[in-house]
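Please open the model in a viewer and keep the selection tool at hand. The stops below follow one another, and each begins with something to select.

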Amino acid sequence: MKLTRRDLMVMSAAGFAVTALPAFASLTDDEIAKITGGAEMGEGGITLTAPEIAENGNTVPIEVSAPGATMIAVFADGNPVPNVATFKFGALNPSQSASTRMRLAGTQDVIAIAQMADGSFHKASANVKVTIGGCGG
Amino acid sequence: MRITSGLMIATILAAGSVSAQDDNTLSVEGETMISTTDAPSHMENVGTIYSGWHFRSSETQALQTDDFDNPGMIFVDQAIDEWDVVDGSAGKACASCHEDVAAFEGLRTQLPRVDDGQLVTMENLINECRTDRMGAEAWKYSGTDMTGMTALISLQSRGLPMNVAIDGDAADFWEKGKELYYTRVGQLDMACSNCHEDNYGVMIRADHLSQGQTNGFPTYRLKNDKLNSMHGRFKGCMANIRATPYKEGGDEFKALELYLASRGNGLSVESPSVRN
Amino acid sequence: MASGVKPRVKVPKKAAAGETITIKTLISHKMESGQHKDGDGNVIPRSIINRFTADFNGENVIDVTLEPAISTNPYFQFEAVVPEEGEFQFTWYDDDGSVYETAKKISVS
């Protein structure tokens, strides 16, 4: 059977084309340290909701929630600039939560750090796969 | 005739998490849409038609259910403002003649249609108004002004089933569109049908192939953060298979638009929809 | 002032005293990240909304610092407690110095 261009394309299309950028992890760690002063971060007490697979890296919906927090900072460890947003909550904010839409340059971890009223820090992270579409991306 | 080569089957099996379209219900602002229905009788190879909404991730699907969350609505807002703007030598705005845009309810379901022997799209009608009656410049076929306005006018028909005519004066145009749909073109030698009829529901790399329905256009694509017109998308599709695209607003794309609209007859207008 | 920048907010018209409501806000803004180059290969400078605040009767509900990773047309959803009748004030600050504002009154039953 003659191997056509189309057959070749079909054969190589088995699976996701997933981009994974070299980890800008140290950049992210530095930015996190600016907030925490290098303090230990506890797990739990903060929820980060993000899709497992982002249909498009341009617009990825996320939600952060940390009851009792004064502030939540969000980072993306594979973006050229890891900082995403910082949310400060006022007294009239009953749930210390917020939703937004963010940009992800490729598959990476989204990290959320909450500062609680007692000054302690808590961390949550989620890995989001960012895919390249088949029809021209 | 559905052609499934051994290689295609191998890909389907190898793709692992291949997922056919889901059977969620689309409800926009509380109104249930017809997003799945029997294929129109003229379609020989497809039994059920599905809106492109069913092929997207749950996060993308959610964006379309609420008019505030729908990012395409910002452009509808801009068009609402534009409706009242005087433009052109006649000193008129859209509002001067048309008063309330709600009067256009139903229009989107019939387009494209034949007027005086010519096949016309919504973009044609809008530009005809602008040049002939407002003395204004025509808008770029897929520019932000035009897509915002076609979104606003199409929105007035949201929920109503598509119902374009394919007989009588439309027959010749429809046949031409059908032929274009099934003709292979480009370096990758593919026809619209190879993806959208033979392989809808299958993953192509990381993209979930839809049936290529047009009931949601103009559509807000996450990929380019804006509303996209039908001809703009046809152009992109052709470029993706490395064919020289036909001209937006030209005879080929208009005929193709008619044929594609007819493949979606029965599906609710969803404009402005949200897709990847 | 960047062109075509328009805020939209969704706030219930009334609430019970002390009730928690959900607020959604959006502003149409390109959010040019500073990562793109133009046709000549020059970097297009960053130009984004860098801060968003929501206040109720002068008291802060939420204060967000935005970075270029926030998507085009920045969207935020959050909750607020409504202790009494009053007005929500929403403010967006642009890199270019512009400030965009909108307000929504809420009545209390």
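Begin by selecting chain C together with chain A: in this predicted model, 28 residues of chain C are in contact with 26 residues of chain A. The two chains bury about 2,200 Å² between them, and 52% of that area lies on carbon and sulfur atoms. Next, highlight Ala69(C), Ser71(C) and Tyr75(C), the residues of chain C that lose the most area to chain A; together they account for 24% of what that side buries.

What kinds of pairs cross this interface? The rule finds 17 residue pairs in polar contact, both residues at pLDDT 80 or more, but zero salt bridges.

Now colour strand E5 (59-66) and strand E6 (75-82) of chain C, the elements that give two or more residues to the side touching chain A. Of the elements on that side, E5(C) gives the most, with eight residues.

**Strand E7 of chain A**

Keep E6(C) in view and select strand E7 (residues 97-102) of chain A. Three bridges join E7(A) to E6(C), and the two strands run antiparallel. Select Ser99(A) to find its bridge partner in E6(C), which is Gln77(C). Then move to Thr100(A), which stands opposite Phe76(C) in E6(C).

Is E7(A) enclosed or open? Six of its six residues are buried, so E7(A) is largely enclosed by the rest of the structure. To see this on both faces, select Ser97(A), Ser99(A) and Arg101(A) on one side, then Ala98(A), Thr100(A) and Met102(A) on the other; all of them are buried.

Strand E4 (residues 60-65) of chain A is the next selection. Six bridges join E4(A) to E7(A), again in an antiparallel arrangement. Within this pairing, Ile62(A) has Thr100(A) as its bridge partner.

**A serine in chain B**

For the last stop, turn to chain B and select Ser273(B), which is found in strand E11 (residues 273-275). Is Ser273(B) buried or exposed? Its relative accessibility is 1%, and because buried means under 20%, Ser273(B) counts as buried.

Show the surroundings of Ser273(B): leaving aside residues up to four places away in sequence, Ser273(B) touches Gln64(B), Gly216(B), Phe217(B), Pro218(B), Thr219(B) and Tyr220(B). Finally, display the side chains of Ser273(B) and Thr219(B), which are joined by a polar contact of 2.9 Å.

Note on methods:
Residues are numbered from 1 along each chain as its sequence is written. Chains are lettered from A and ligands numbered from 1 in the order in which they are written. This is a predicted model: local features need pLDDT of at least 70, side-chain atom pairs count only at pLDDT 80 or more; totals for chains, interfaces and linings use all residues. Side-chain values use heavy atoms; hydrogens and water are left out. Helices (H or I, at least four residues) and strands (E, at least two) are DSSP runs, numbered from the N terminus. Buried means under 20% relative accessible area, exposed over 50%, partly exposed in between (1.4 Å probe, protein chains only). A polar contact is a pair of N or O atoms within 3.5 Å; within protein, one must be able to donate a hydrogen and the other to accept it, and residues adjacent in sequence count only if both atoms are side-chain atoms. Contact means heavy atoms within 4.5 Å. Buried area is the accessible area (1.4 Å probe) that two parts lose on being put together, summed over both. A salt bridge is a side-chain nitrogen of Lys or Arg within 4 Å of a carboxyl oxygen of Asp or Glu. Two strands pair if DSSP finds at least two bridges between them.
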